[in-house]
Every structure is written in structure tokens, then in C-alpha cells.
Amino acid sequence: MFSKEDARTVVGIIGNVIALVLFLSPVPTFYRIWKKKSVEQYSPIPYLATFINCGLWVLYGLPVVHPHSTLVVTINGAGLVIEIVYLSLFIVFSDAKKRLKLVATVVMECIFVAVLALLVLTLAHSTKLRSTVVGSICMIGNIMMYAAPLSVMKLVITTRSVEYMPFFLSLFSFLNGISWTAYALIRFDPFIVAPNGMGTILGLAQLLLYATFYKSTKRIMAERKAQPEMGLAEKKSQINAV
């Protein structure tokens, strides 16, 4: 007999796979950053938000905080390692001012998670209370992670270009929100349902923006590519005229 708990496990595994793809989806972006040795206009905010979000959910999923949450720990532990790699590349290829600000933010996030873990494990003496406290903060962290691309969405609307809003990051944010909302509804967990329900809506909004400005992005990129070629052709014609 396929029980509700079995269904939750299956959906959780699917959620793990989708979340892993979500964490890996910016790889083309970071390959471009590494190749150009510059972060260009890419924002570190989504990766900073995801970094602290993963740290908080690892804490939430520990047996001493919220028992029977192995799938929450595994995927967020993997996500934490992946975000460390991304942020390291951001730090290496940012200018000095941005680099200092980025390092300071990462250090503050680490201190926050460490202090929270220490306080919860020493002052809260039941898993129910620990789950409530950490879960409430995780919910805020998760909302921050999903809301982080809002700054990029503003850039998209302003420039009418989705060049700096990676498509696969938006797609798998949407799918991740759906899978974890379903996971939390099978055995109701408000701390997972609320932020992931919101994440589904924000992911959909990003996909709609992508569909809206995809053609204009292609046109803008084509015009930008054509400009140096036109300049080179003009120089050649001037040389020939002389």
C-alpha cells in the first residue's frame, strides 16, 4: 500500500533533483564570468540569499531541530557547497569595492546562522519549539531567496532585455517552488508551504518577463554585435580612401 509518507518521500526526492538542477543552473553564467574575468552586470544578491537560505534549512532539518527531515538537509547541504563556489567566483572577479562588500556580507551571514544555532540548541529544550523558531526564520530566508531576483526583474523591465536574467534559473525556481509546495502539503508544514508557494508565483512572473522581452533581447544583442563590425568597416573605407 502506497502511504502518504511514501508519497511525501517520492515528492521530496523529486524536489531534491529539481532543487539540485536549480542550484546548478547558473553554471553557464559563471562560465561566462570566468571566461571574461568579470562579473559584468550580474548581481550577487540571488546567490547571497540562496547561501544563507541553504544554511538555515540545513539547521532546520537537523534531527535535534526538526526530526525526519533528511531530504531537507541533503539538498540544502549540497546547495550550500555550490553557493560557496559561486560566491568565490564573484569575489575573485569583482572590483575591490564590491569584493569587500561581498566578503563582509558572507561573513555576517555565517555569523548569523552560527549564533542562531547556538541560541536555539541551548535555550530551546524541545524539537517543537526549535522547529517553530528556526522554521519561522527559514521561511523569511526562503522568501528572500525567491524575492532576490526582483532586482534583476527591475533591470529587465528597464532595459527591455533578459540578458542578465538566466532562463534556467527562472525555470527551475518555478519548478522548485511547485515541488516543495506539494511536498509540504502532503504532511502540512507551513514553514515550507508559505515561501515555496510565493516562490512559485515569483518564478512564473520571471518566466512571463522572459517570454515578453526575449525578442527585444535578441534584437538588442544583434545591434550591439553589429556596431563594432560597422565601425571596422568604416575604418577600412577611410584607409582605402586615403
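Biologist: What should I know before I start?
Modeller: The model is predicted, so local features need pLDDT of at least 70 and side-chain atom pairs count only at pLDDT 80 or more, while totals for chains, interfaces and linings use all residues. Residues are numbered from 1 along each chain as its sequence is written, and side-chain values use heavy atoms, with hydrogens and water left out.

Biologist: How many residues does helix 1 have?
Modeller: Helix 1 (residues 4-24) has 21. Helices are DSSP runs (H or I, at least four residues), numbered from the N terminus. From first C-alpha to last, helix 1 reaches 30 Å, close to the 30 Å expected at 1.5 Å a residue. The expected span is 1.5 Å times one less than the number of residues.

Biologist: Which residues of helix 1 are buried?
Modeller: Among them are R8, V11, G12 and N16. Buried means under 20% relative accessible area, exposed over 50%, partly exposed in between (1.4 Å probe, protein chains only).

Biologist: And what covers them?
Modeller: The cover includes helix 3 (45-61), helix 4 (70-93) and helix 8 (167-186).

Biologist: What about helix 8, what span should it have?
Modeller: Its 20 residues should span 28 Å, and the end C-alpha atoms are 30 Å apart, which agrees. Buried residues in helix 8 include F172, W180 and Y183.

Biologist: New topic. How many aromatic pairs are there?
Modeller: A search of the whole structure finds 11. Rings of Phe, Tyr and Trp (its six-membered ring) pair if their centres lie within 6.5 Å; planes under 30 degrees apart count as stacked, over 60 as edge-to-face and the rest as tilted. One of the pairs is Y47 with F90: the centres are 5.8 Å apart and the planes at 40 degrees, so the pair is tilted.

Biologist: Where do those two sit?
Modeller: Y47 is in helix 3 and F90 in helix 4, 43 residues apart. Y47 and F90 are buried. They also belong to one aromatic cluster with F30 and Y86.

Biologist: What do F167 and Y210 form?
Modeller: A tilted aromatic pair, 4.9 Å centre to centre, with 55 degrees between the planes. F167 lies in helix 8 and Y210 in helix 9 (residues 190-241), so the pair ties together parts 43 residues apart in sequence.

Biologist: Is F167 buried or partly exposed?
Modeller: F167 counts as partly exposed, at 32% relative accessibility. Y210 counts as buried because its value is 17%.

Biologist: Last one. Where does I111 lie?
Modeller: In helix 5 (residues 96-123). I111 is partly exposed, with a relative accessible area of 49%.

Conventions: Contact = heavy atoms within 4.5 Å.
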